Amino acid sequence: MDETPGSVGTTASLSLRLGQAFFSSASLLFMSVGVEFYSYTAFCFLVTIMGLVIPWSCTLAMVDIYSLFAGCPLRLPRVMVIVVIGDWVLSVLSLAAACASASVIDLLIHIDGPYCPTKICGRYQLSAAMAFLS
């Protein structure tokens with residue numbers, strides 16, 4: 001039976017999971033550098049979702065590593081349903097959080113006033129970009 005590229009237990013899946021964990025960690029790091037993100041709900045939502053994506057991606061990366069070293073791909077239907085549903089839910093939530101954060105950042109930049117200093121807005125923009133990449 002042919003393997004689907006990116007399915008659980010392949011090197012493509014491992015590289016995608018590691019990339020997802022890296023970009024989620026970078027997004028969380030850039031958002032958490034400035035402590036002023038608590039003022040905006042969209043930023044809190046992004047931090048919460050990235051905090052959920054990181055352990056999910058790391059856990060599935062460990063499953064991929066185990067499957068690669070053991071030489072047996074993980075094809076159990078119940079496990080695959082959990083992985084698919086978990087990925088679907090977290091991908092929708094992370095896209096929503098990234099879009100909400102990007103729109104709040106755009107609003108803060110275009111409002112006249114001291115709502116967002118340039119240095120902090122730059123960090124927030126990087127965080128939203130990393131969330132989109134994850």
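## Overall architecture

Of the 134 residues of the chain, 35% count as buried (buried means under 20% relative accessible area, exposed over 50%, and partly exposed in between, with a 1.4 Å probe and protein chains only). The model is predicted, so local features need pLDDT of at least 70 and side-chain atom pairs count only at pLDDT 80 or more, while totals for chains, interfaces and linings use all residues. Residues are numbered from 1 along each chain as its sequence is written, and side-chain values use heavy atoms, with hydrogens and water left out.

The secondary structure comes to 4 helices and 0 strands (DSSP runs numbered from the N terminus, with helices being H or I of at least four residues and strands E of at least two). Along the sequence the pattern is α-α-α-α. Taken along the principal axes, the C-alpha atoms fill a box of roughly 60 × 20 × 20 Å. Among contacts in the chain with a separation of 6 or more, 77% are between residues 24 or more positions apart (contact means heavy atoms within 4.5 Å).

## Helix α1 and serine 27

Helix α1 covers residues 11–33. Its 23 residues reach 33 Å from the first C-alpha to the last, close to the 33 Å expected at 1.5 Å a residue (the expected span is 1.5 Å times one less than the number of residues). The buried residues of α1 are Ser13, Leu14, Arg17, Gln20, Ala21, Ser24, Ala26, Ser27 and Met31. These buried residues pack against α2 (41–70), α3 and α4 (118–133).

Serine 27 is in α1 and has a relative accessible area of 1%, which makes this residue buried. Leaving aside residues up to four places away in sequence, serine 27 touches Leu46, Met50, Ser127, Met130 and Ala131.

## The salt bridge

A search of the whole structure finds 1 salt bridge (a side-chain nitrogen of Lys or Arg within 4 Å of a carboxyl oxygen of Asp or Glu). The side chains of aspartate 87 and arginine 17 meet in a salt bridge, at 2.5 Å from N to O. The pair links distant parts of the chain, with aspartate 87 in helix α3 (residues 77–110) and arginine 17 in helix α1, 70 residues apart.

How exposed is aspartate 87? Aspartate 87 is partly exposed, at a relative accessible area of 22%. Arginine 17 is buried, at 10%.

## The largest pocket

The largest pocket has a volume of about 190 Å³. On a 1 Å grid over the protein atoms alone, a pocket is an open set of points with protein on both sides within 12 Å along at least five of seven lines, whereas a cavity is a set of points where a 1.4 Å probe fits but cannot get out; lining residues have an atom within 4 Å of a point. Grid points are joined across faces, edges and corners, and a volume is the space filled by probe spheres set on the points.

The lining has 14 residues, of which Ser13, Leu16, Arg17, Gln20 and Asp87 lie nearest the centre of the pocket. Helices α1 and α3 each supply at least two residues of the lining, and α1 gives the most, with 6 residues. The lining divides into 7 nonpolar, 5 polar and 2 charged residues (Ala, Val, Leu, Ile, Met, Phe, Trp, Tyr, Cys and Pro count as nonpolar, Asp, Glu, Lys and Arg as charged, and the others, Gly among them, as polar).

## Helix α2 and its end

The 30 residues of α2 should span 44 Å at 1.5 Å a residue, and the end C-alpha atoms are 44 Å apart, which agrees. Glycine 71 follows α2 and has a positive phi, near 80 degrees.

Tyrosine 66 is found in α2 and is exposed, with a relative accessible area of 58%. Tyrosine 66 and glycine 9 are 57 residues apart in sequence and 7.8 Å apart in space, C-alpha to C-alpha.

Helix α4 has 16 residues and reaches 23 Å from its first C-alpha to its last, close to the 22 Å expected at 1.5 Å a residue. Ile120, Cys121, Tyr124, Ser127, Ala128, Met130 and Ala131 are buried in α4. The buried residues of α4 pack against α1, α2 and α3.

Serine 101 lies in α3 and is buried, with a relative accessible area of 0%. Not counting residues up to four places away in sequence, serine 101 touches Ala42, Phe43, Leu46 and Ala128.
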